[in-house]
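Please look at the sequence and the structure shown here, and then read the short report that follows.

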Amino acid sequence: MESLVAALVVTVIAVLALFRAVRIVPQANAGIVERFGRYHRALRPGLNLVVPFIDRMKKTIDLREQVVSFPPQPVSTSDNLVISIDAVIYFQVVDPRAATYEIANLLIAVEQLTVTTLRNAVGGMDLERTLTSREEINSELRGALDHATGKWGVRVNRIELKAVDVPVSIQESMEKQMRADRDKRAAVLSAEGQKQTAILVAEGQKHAAVLRARGEAEALVLRAQADAEARAMRAKGEAEAIGMLCRAIHEGKPDREFLAYQYLRTLPEIARGDANKVWIMPSDMGRVIESLESLLAGKDTPAA
């Protein structure tokens, strides 16, 4: 009976020791093992064995990237304006031992360090730069936090500013300023458009005037050439007519009486015209008439 009780006690102790010796660590976690109250080692994910009643697994550390959103924090800018900034930090534990023994409360420490660093970063900027330099603020915060949290076994991956809230009065002033700037830009663009239109119209008129003057000059040249060619052709025609007349006269061998007759026929043409007020008779008019009389007398005398 005593041996049975002893065997039962040994079995219970063995089962209890086995239960205390086996430790299962979930994936993406690390188990901190202490031996006699002192850090011994970090357990990897999966099945692990420890010395029962000597080793004790204190807690498991989550090694995944964690996201912490902090409540809006009042921050003063360099131009003494108080704004509210809401930030989100992404960090990851890379050293489970340091995250367990170097800091008492990791989340509170990260939050307070983020708020302090954010106030230092924004305190050196004015409102306009704060609103337009989120990337610069994020980079500065990440560098400062990553350097400060390195001894805690934490790596800060990135920081994002979710919202930057400006007081209502300042926001109204900014809207008025933006509206005034837009109106100013619109007026400048309108003036530049009118100026460009006037320049284009003036250039068009100038170009049209040049083309018109050039066309008139070319037309005058063409008319002058046409008149010169017409006069040349008329002169050529008159010269040919005079040449033909001269040749006909020389070939016909006209006598004195015929020439006198032609001269008398031309006189009415000379006298015809409203502007001819004075008619001057040639000095040899008598001889012409005598020639004609002798010509007529010769024609009236019968042949012998």
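## Pairing of strands

Two strands are said to pair if DSSP finds at least two bridges between them. The model shown is predicted, and its strand β1, residues 22-25, pairs with strand β4, residues 46-49, in the antiparallel sense over four bridges. Within this pairing, I24 has L47 of β4 as its bridge partner.

In a regular strand the side chains alternate between the two faces of the sheet. In β1 the covered face holds R23 and V25, while V22 and I24 belong to the uncovered face.

## The chain as a whole

The chain has 304 residues, of which 22% are buried, and its secondary structure comes to eight helices and nine strands. Among the contacts with a separation of 6 or more, 63% are made by residues 24 or more positions apart. The accessible surface of the chain is about 21700 Å², and carbon and sulfur atoms account for 58% of that area.

## Strand β8 and its partners

How many of the twelve residues of β8 are buried? Nine of them are, so β8 is largely enclosed by the rest of the structure. Strand β6, residues 66-69, runs antiparallel to β8 and is joined to it by four bridges, with S69 of β6 facing V88 of β8 as its bridge partner. V88 also has a bridge partner in β9, namely E160, and β8 and β9 pair in the antiparallel sense over ten bridges.

β7 and β8 are likewise antiparallel and are joined by four bridges, and here the bridge partner of V75 is I83 in β8. N80 is exposed because its relative accessible area is 69%, which is over the 50% cut-off.

## The nonpolar core

The largest nonpolar core has 31 residues, and those that touch the most other members are I85, I89, L106 and L118. At least two residues of this core come from each of β8 (82-93), α3, α5 (134-148) and β9 (154-165). If neighbours within four places in sequence are left aside, L118 is in contact with V75, I85, I137, L141 and L161.

## A buried methionine in a loop

M125 is found in the loop between α3 (106-123) and α4 (127-132). Is M125 buried or exposed? M125 counts as buried because its relative accessibility is 3%, which is under the 20% cut-off. Apart from its neighbours within four places in sequence, M125 is in contact with T77, S78, T130, E136, I137 and E140. M125 and S78 are 47 residues apart along the chain, yet their C-alpha atoms are separated by 5.3 Å.

F36 lies in the loop between β2 (29-35) and β3 (38-43), and F36 counts as exposed because its relative accessibility is 67%. The phi of F36 is near 55 degrees, a positive value in a residue other than glycine.

## Salt bridges

Side chains of opposite charge can pair when their charged atoms come close. The count of salt bridges comes to seven. In one of them D55 pairs with R35, with the closest N and O atoms 2.5 Å apart, and this pair links distant parts of the chain, since D55 is in strand β5 and R35 is in strand β2, 20 residues apart. D55 is buried, with a relative accessible area of 4%, whereas R35 counts as partly exposed at 30% relative accessibility.

Another salt bridge is formed by the side chains of D86 and K162, at 3.4 Å from N to O. D86 is in strand β8 and K162 in strand β9, 76 residues apart, and the pair links distant parts of the chain. D86 counts as buried at 14% relative accessibility, while K162 is partly exposed, with a relative accessible area of 46%. The side chains of R129 and E136 also meet in a salt bridge, at 2.5 Å from N to O, and salt bridges that share partners join E34, R56 and K58 into one network.

Conventions
Residues numbered from 1 in each chain as written. Predicted model: local features only at pLDDT ≥ 70, side-chain atom pairs only at ≥ 80, totals over all residues. Heavy atoms only, no water. Buried < 20%, exposed > 50% of the residue type's maximum accessible area, 1.4 Å probe, protein only. Contact = heavy atoms within 4.5 Å. Core = buried A, V, L, I, M, F, W, Y, C linked by side-chain atoms within 4.5 Å. Areas by Shrake-Rupley, 256 points an atom, 1.4 Å probe, with all protein chains shown as cover. Salt bridge = Lys/Arg side-chain N within 4 Å of Asp/Glu carboxyl O.
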